[in-house]
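Okay, thanks everyone. Let me put the model up, and then I'll walk you through a couple of spots in it.

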Amino acid sequence: MCLGIPGQVVTVDRLKNWAVVESFGVQKKVSIHLIDEEVVQGEYLMVHAGCAIGKINVDDAQETLKLFEEAYFDKQE
Amino acid sequence: MINRNDPEIGKKVLQKLAGLADQAARELGRPPVLMEICGTHTVAVSRSGIRSLLKDCLVLKSGPGCPVCVTDQSDIDRIILLSRQPGVVIATFGDMLRVPGTYSSLEQERARQAKAEIFYSPLEAVDFAEKYPGEQVVFLGIGFETTTPAIALSIRQARKQGLPNYSVFSINKVVPPVMKVLLSDSELGVDGFILPGHVCTITGRKAFDFISAEYNKPAVIAGFEPVDVLEAVCLLLKQIIERQARTVNGYTRLVQEEGNKKAREIMNQIFDPADVYWRGFGLVEGSGLKINRDYADYDASLRFPVEIDTVSSQSNFGCACGDVLKGKINPGDCPLFAKRCTPLWPVGPCMVSSEGACAAYYQYELS
Ligand code: SF4
């Protein structure tokens, strides 16, 4: 139906509650009504049906992948 | 960003996973059975080949996670009648167009006289209503917790702009109540659940704690890259091996313990819980969302009341979508699968929706 698409914030208009995000090289205006925290250029948002539904924590993404790799492969290699 | 799509990582994890699955199988005395509860996971699992690669050591079932698929036949029939109302333009996500009702589909209606427009976002449908004041734009409110806040926003926006020609036909649903129905089914035989990451972004992890706390089953919230799914499967197998049952957040880069409060506030401002019908499940208490009294003027079911004959609203002959959605059978077990029912000529919604289990198995797993 509608996939969640991650996008990086290019510009933000907090007054009108929208941001332009870039996903896979395409820029799109999305609503940030549902995001309570501040939205800053360069951050990643998960966008669903034209609305950002949450911020993606990139550090966390890298960290968990590292932990996962350690937990599952190091012993084998 | 990081690459969670990396085939090298995938390959290594798969080996590890097969070992864990064997251990879990020894613990259970049979291969472990896991279920994904999200249409996007169904597609990810089929497309990446995870399901077929693991089929010898682990069963991965699909559950009621495709919003189009779980829409009851009576609601499809209501939508068809709605599309026939003079002046109405149905505004919808694309997947709804081809879903066959008892007598017709929106696509067939459109070929006759009805108007139906596809939108990526309900907010675009509001813009459309503003642009065409002579049309009555009825948005088909379909989806789970992930999509409902956007639909709620569209209603707020329409009110803010004073648009008299925008309304929503809500068949929106929430996931936890149907999970409870699944979990109460003694025949289900599922050992662990892969939970929908984007639904949980809104609800928070806690909303699904009941799976482990009340039903003693392990559950893991997962993202949608192949590595995310593999990671979730590993976390579930570990719990099975260690005889634990916890509801774990495996998608910490997006899902918060408390979820997205703001989104829930907006949702609750406009919708009230309701008892609604699900395909395959029947009436599920508190599982639907009805537009509340304060926003009743945006409720398409009140603005354009349509009467269907519920007795004659019947699932298409021979279609086993109901059993597929409950995880009782696999798409391939339906006698019509890939014979009379294909994506080109779908018999049931599970073959229509891009997130439907039948469509996913057809496209990626038919060898
Ligand atoms: S294969 Fe077609 S007819 Fe069979 S359950 Fe799936 S959608 Fe229904």
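So, in which sense do strand 8 of chain B and strand 9 of chain B pair, and over how many bridges? Keep in mind that this is a predicted model. The answer is parallel, over 3 bridges, with strand 9 of chain B covering residues 247-249.

Now look at strand 7 of chain B, residues 192-196. Strand 7 of chain B also pairs with strand 8 of chain B in the parallel sense, here over 4 bridges. One pair to find there is Pro196(B) with its bridge partner Ala222(B) in strand 8 of chain B.

What about the faces of strand 8 of chain B, residues 219-222? In a regular strand, side chains alternate between the two faces of the sheet. Here Ala219(B) and Ile221(B) are on one side, Val220(B) and Ala222(B) are on the other, and all of them are buried. So both faces are covered, since buried means under 20% relative accessible area.

Follow the chain on and you get helix 12 of chain B, residues 226-241, which forms a left-handed β-α-β unit with strands 8 and 9 of chain B.

Last stop, two helices. Helix 7 of chain B (residues 122-131) packs on helix 8 of chain B (residues 148-160) at about 25°, axes 8 Å apart. That angle makes helix 7 of chain B roughly parallel to helix 8 of chain B. Residues making the contact include Leu123(B) and Val126(B) from helix 7 of chain B, and Ile151(B) and Leu153(B) from helix 8 of chain B. The crossing of helix 7 of chain B and helix 8 of chain B is right-handed.

Technical notes. Residues are numbered from 1 along each chain as its sequence is written. Chains are lettered from A and ligands numbered from 1 in the order in which they are written. This is a predicted model: local features need pLDDT of at least 70, side-chain atom pairs count only at pLDDT 80 or more; totals for chains, interfaces and linings use all residues. Side-chain values use heavy atoms; hydrogens and water are left out. Buried means under 20% relative accessible area, exposed over 50%, partly exposed in between (1.4 Å probe, protein chains only). Two strands pair if DSSP finds at least two bridges between them. A crossover is right-handed if, with the strands pointing away from the viewer, the path from the first strand over the helix to the second runs clockwise. Axes are lines fitted to C-alpha atoms, for helices over the stretch in contact, and angles run from 0 to 180 degrees between N-to-C directions. Angles under 35 degrees count as roughly parallel, over 145 as roughly antiparallel, 65 to 115 as roughly perpendicular and the rest as oblique. A crossing is left-handed if the near helix is turned anticlockwise from the far one by less than a right angle, and right-handed if clockwise. Contact means heavy atoms within 4.5 Å.
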